[in-house]
Amino acid sequence: MHVVVNAAMSADGKLSSREREQVAISGDADFERVDELRADSDAVMVGVGTVVADDPALTVKSGELRAEREARGDPANPARVVADSRIRTPADAAVLDDRAASYILTSEAAPPGFVSQLEEAGATVYVAGETRVDLGTTFERLAADGVDQLMVEGGGELIFGLFAEGLVDELSVYVGPLVLGGREAPTLADGDGFVEDYPALSLSGVDRLDEGVLLEYDVD
């Protein structure tokens, strides 16, 4: 499975404010690029923190792009995937609606009752890992279900975990023209942080979009 991490951050590397409220970092051109990347993917993934904070639908916004997906035999929208170690995803979350298939990746620490509730809401739930999601195992299950390209949209804890497990193939970062600040504000890769064996990147593209810049990397 090919994993593409895509994110928008401020010039000082923050994904949102210290209050973890969504901030408009991208402009129209980058929104269109992200929509195209979603349309080219088999599934779109976020961490549960993003679901709780923003309640995203993770669907393709452009009707033309949805039509193109259907014309090639794909569902109108890619599947939605949520990494949620203890089942914090609300049963009425937008990622569980009927616009696309939904997957919840969780751990053995998730309460069985909540797992059943999400399954009743229409999600496929994969359980792997004692207290945290075993990303490698659950990704193998997604691949077996036909997910060849997975787009990851955040947040920082999930992105760090993917890099720590060596599961990222590409990284695309839009750097917007604002400074958010705040030592508690989420960054591109949070988690424990690396002190050795840092993930190595090769710059593959630089493009100016709106008033910011898009940086594209291959992961070595």
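Asp-210 is located in the loop between E8 and strand E9 (212–219); helices (H or I, at least four residues) and strands (E, at least two) are DSSP runs, numbered from the N terminus. The model is predicted: local features need pLDDT of at least 70, side-chain atom pairs count only at pLDDT 80 or more, and totals for chains, interfaces and linings use all residues. Residues are numbered from 1 along each chain as its sequence is written, and side-chain values use heavy atoms, without hydrogens and water.

Most residues other than glycine have a negative phi, and most peptide bonds are trans.

| Site | Angle |
|---|---|
| Asp-197 | phi about 50 degrees |
| Asp-210 | phi near 50 degrees |
| Gly-146 | phi near 100 degrees |

Asp-197 lies in the loop between strand E7 (170–175) and strand E8 (201–209). With 70% relative accessibility, Asp-197 is exposed, while Asp-210, at 31%, is partly exposed. Buried means under 20% relative accessible area, exposed over 50%, and partly exposed in between (1.4 Å probe, protein chains only).

The peptide bond from Gly-154 to Gly-155 is cis, with omega near 5 degrees. Gly-155 belongs to the loop between strand E6 (149–152) and helix H6 (156–164).

Helix H5 spans residues 135–144, and Leu-135, Thr-138, Phe-139 and Leu-142 are buried in it. Seen down the axis of H5, these buried residues fall within an arc of 105 degrees, so they line one face of the helix; the arc is that of the directions from the helix axis to the C-beta atoms. Glu-140 and Ala-144, on the other side of H5, are exposed.
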